[in-house]
Amino acid sequence: MTVEVVPIQGLPEVAPGDDLPALLIRGIERAGLVPQDGDVVVVTQKVVSKAEGCIVAEPPGGRGALVEREAVRIVARRDDVVIAETRHGLVCANAGVDASNVREGFLTVLPEDPDASADRIRAAVTAHFGVRLAVVVTDTFGRAWRRGVVNVAIGAAGLPSVVDLRGTKDAGGRVLDATVVALADEIAAAGGLAMRKAKNVPVVVVRGVRADAPDAPARDLVRPPEEDLFRESSAQAIHARRSIRRFSSEPVPRDALTEAVRGACTAPAPHHTRPWLFVMLERGPLRARLLAAMAGAWRADLLGDGTPEAVVRRRLDLSDALLGEAPVLCVPCVRPRGAHDYSDDERSAAEREMFLLSGGAAIQNLMLALHAQGLASCWVSSTLFCKEETREALGLPDEWIPLGGVAIGHPPPEGPPPPRPTLDVSEFLRFEGP
């Protein structure tokens with residue numbers, strides 16, 4: 001198979017409201033190219049955005065303010081580099097906001113619906129030339145593990161953006177079980193060989209591509225969140241993790257819990273110890289016994305303090321709704337084994353506090369590790385107020401100190417809560433120095 005890439009040169013500067021399909025048709029005709037069935041018209045996002053009026057005056061806050069507006073999720077941030085997810089599901093630098101090839105003081109943003117843009121262009125050029133054409137709208141994206149940018153498809157019509165080869169055989173007769181080809185991206189990258197921003201070549205025609213698969217838009221190239229192993233940077237994960245108090249009924253794999261505990265056990269601990277224990281309680285008699293013992297202890301303490309019965313009942317109902325309904329209830333514990341003995345009571349108390357702090361760090365690590373695997377969690381103080389009952393229900397020696405409970409499960413069908421609001425850290429930060 002031979003693939004040919006033909007640049008379409010001499011297109012005029014595109015402005016908002018221009019009839020982009022008509023400009024492309026005239027450019028193809030001036031180039032002396034006679035379109036054939038299966039040809040792919042590859043056009044840059046920049047000219048599509050310009051024609052559709054996706055040009056914005058740079059806001060008072062600069063490009064960064066517009067990036068924040070266009071982003072639905074920050075994936076990673078370092079210095080002035082922002083990798084963000086757009087409303088289209090695309091993950092790219094600066095949420096697709098770009099200053100190249102536009103007037104000073106203006107920026108372009110991505111088209112509202114690049115697949116729809118591609119389909120409108122395809123319909124017009126196909127009707128004009130009377131042959132079956134496809135269209136790919138491209139943008140340049142960086143890649144996580146490689147330098148440089150490459151053209152990828154952000155919109156497509158008239159071709160299969162994704163070709164699933166799973167279940168077919170390779171040249172040696174082996175059945176493929178993982179190969180899914182990003183055909184639209186391959187076409188976009190091929191087109192990029194002839195596209196040059198400095199030479200005003202925003203359009204090429206790619207000829208010779210054949211694919212035996214149903215048409216599919218470029219949005220099918222976006223990896224679903226549940227398949228994304230690199231959804232956010234480690235720094236961003238700290239901000240993105242939120243306490244979730246409702247879960248779906250989907251069971252939690254034990255392998256995921258094991259991996260989360262492995263992450264928890266990287267927490268700092270005094271005297272080279274690993275003083276933690278994480279008791280994972282799935283639904284069953286042991287968990288029911290623990291919750292009943294906790295409820296009895298709480299009820300006695302609250303009523304003894306004069307708390308009204310209605311308030312006690314409401315608190316217990318809320319607790320049971322969280323701890324009782326979560327697919328997994330984790331009881332994290334710490335023990336001060338290995339603590340140094342001091343004759344000074346104050347130093348002995350400080351030594352004990354070191355182990356408690358280590359337990360808190362391990363719990364935070366646990367919840368971050370769960371978040372990294374797409375699981376939700378919520379820590380509640382619960383067992384701290386009924387240590388003896390917890391130890392008895394779980395059969396733990398007296399040296400173990402329960403540190404609350406972590407409800408664990410998959411996010412509910414409506415998804416996780418919205419991102420955290422922006423925090424002004426000046427209230428919590430103090431610098432001292434020369």
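User: Start with L329. What does L329 touch, leaving out residues up to four places away in sequence?

Analyst: This is a predicted model, so local features need pLDDT of at least 70. L329 touches V279, M280, L281, R287, L290, L291, L323, G405, V406 and A407. Contact here means heavy atoms within 4.5 Å. L329 itself is found in strand β14, residues 328-334.

User: Why does L329 count as buried?

Analyst: Its relative accessibility is 2%. Buried means under 20%. L329 therefore counts as buried.

User: How far apart are L329 and G409, in sequence and in space?

Analyst: They are 80 residues apart in sequence. C-alpha to C-alpha, the distance is 8.9 Å.

User: Which residues make the contact between α1 and α4?

Analyst: From α1 come L20, P21, L24, I25, I28 and E29. From α4 come I121, A124, V125, H128 and F129.

User: What makes up this contact in terms of nonpolar, polar and charged residues?

Analyst: The contact divides into 9 nonpolar, 1 polar and 1 charged. Glu counts as charged, and E29 is in the contact.

User: Which residues of α1 are buried, and what covers them?

Analyst: L20, P21, L23, L24, I25, G27 and I28 are buried. Their cover includes β1, β2, α2, α4 and β12. After α1 comes G32, with a positive phi near 75°.

User: What makes a set of residues a nonpolar core, and which residues have the most contacts inside the largest one?

Analyst: Its members must be buried, of the listed nonpolar kinds, and joined through side-chain atoms within 4.5 Å. The largest such core has 32 residues, and L20, V43 and I121 have the most contacts inside it. The largest share, 5 residues, comes from α1. Beyond four places in sequence, L20 touches V14, V47, V48, A51 and I121. Another core lies apart, with 26 residues, among them F247, V279, M294 and L322.

How values were computed:
Residues numbered from 1 in each chain as written. Heavy atoms only, no water. Helix = DSSP H or I, 4+ residues; strand = E, 2+ residues; numbered from the N terminus. Buried < 20%, exposed > 50% of the residue type's maximum accessible area, 1.4 Å probe, protein only.
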